Amino acid sequence: MRLITSVTQLADILRKGGVAAYPTEAVWGLGCDPDNHAAVTRILTIKDRPESKGLILVAGNEQDLMPWRETLDEVTAQRLISIRQTPTSWVVPDTAIAPSWVRGEHDSVAIRLSQHEPVQQLCAAFGGVLVSTSANPAGLPPATSAEQVDAYFGDKIDAIFSAPLGGASQPSQVRDILTGTLFRA
């Protein structure tokens, strides 16, 4: 297990096309540079997840969300950056901002403004949004510890961020930003 304590070092791994596990609000996530097709494909392969499903992106601050906010009206844009008790990934219309290999078969992308400090630090060090998909192979529960991440993926990933898991009881809910429709509780 390659534990990394430095967000700067971890961000450098991601910028070079690496794949890393990191603690999110409730479970461990796998992340990479969303603009790096090879890195995204690697995540999809190790999770046994079809590209057509799409992936969630995570942002560490409001500025990271500007490209999407600019496509929304004022009220809807405010929803995207709102602080919510339950971590929420919003499905936002998107045909040209996130790469097609992140959107999958959709004309939208799910994106979350994280309120978990290690994720915020990692996004800041990286300089933008990251892929954020649960750290688990298809059909298995998401990892809740670095040891479980290592058991699932071993040397198939480049690093594990040694930071605490957040206090949420479940992974983020997923909602349509325009209608409020709940896709995942």
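**Ground rules.** I number residues from 1 along each chain as its sequence is written. Since the model is predicted, local features need pLDDT of at least 70 and side-chain atom pairs count only at pLDDT 80 or more, while totals for chains, interfaces and linings use all residues; side-chain values use heavy atoms, with hydrogens and water left out.

**The sheet.** I began with the strands, which like the helices are DSSP runs numbered from the N terminus (helices H or I, at least four residues; strands E, at least two). Five of them form an open sheet with mixed pairing, in the order β1-β9-β2-β3-β8; two strands pair if DSSP finds at least two bridges between them. The edge strands, each pairing on one side only, are β1 (3-4) and β8.

**Around β3.** I followed β3 to its neighbours. It runs antiparallel to β2, with four bridges between them, and a hairpin of four residues links β2 to β3. Alanine 21 has leucine 30 in β3 as its bridge partner. With β8, β3 is again antiparallel, joined by two bridges, and glycine 29 stands opposite serine 134 in β8.

**Helix α1.** I checked what α1 (residues 7-15) lies across: β1, β2 (20-23), β3 and β9 (159-161). It runs at about 140° to β9, where axes are lines fitted to C-alpha atoms, for helices over the stretch in contact (heavy atoms within 4.5 Å), and angles run from 0 to 180 degrees between N-to-C directions.

**Helix α2.** At the start of this helix, I found a side-chain oxygen of asparagine 36 within 3.1 Å of the backbone nitrogen of alanine 38. Ala39, Val40, Ile43, Leu44, Ile46 and Lys47 are buried in α2 (residues 37-47). Their cover includes β3 (28-31), α5 (100-103) and α7 (146-153). Just after α2, aspartate 48 has a positive phi of about 60°.

**Helix α7.** Ala146, Val149, Tyr152 and Phe153 are buried here. Glu147 and Ala151 are exposed on the face turned away. Just after α7, glycine 154 takes a positive phi of about 45°.

**Cores.** I looked for nonpolar cores, meaning sets of buried Ala, Val, Leu, Ile, Met, Phe, Trp, Tyr and Cys residues joined through side-chain atoms within 4.5 Å. The largest has 37 residues, of which Leu57, Trp68, Leu80, Val149 and Ile157 touch the most other members. Helix α2 gives the most to this core, with five residues. Leaving aside residues up to four places away in sequence, the contacts of valine 149 include Trp28, Ala135 and Ile160. A second, separate core of 17 residues includes Val7, Leu10, Cys123 and Ala159.

Notes: Buried < 20%, exposed > 50% of the residue type's maximum accessible area, 1.4 Å probe, protein only. Polar contact = N/O pair within 3.5 Å; in protein donor to acceptor, adjacent residues only side chain to side chain.
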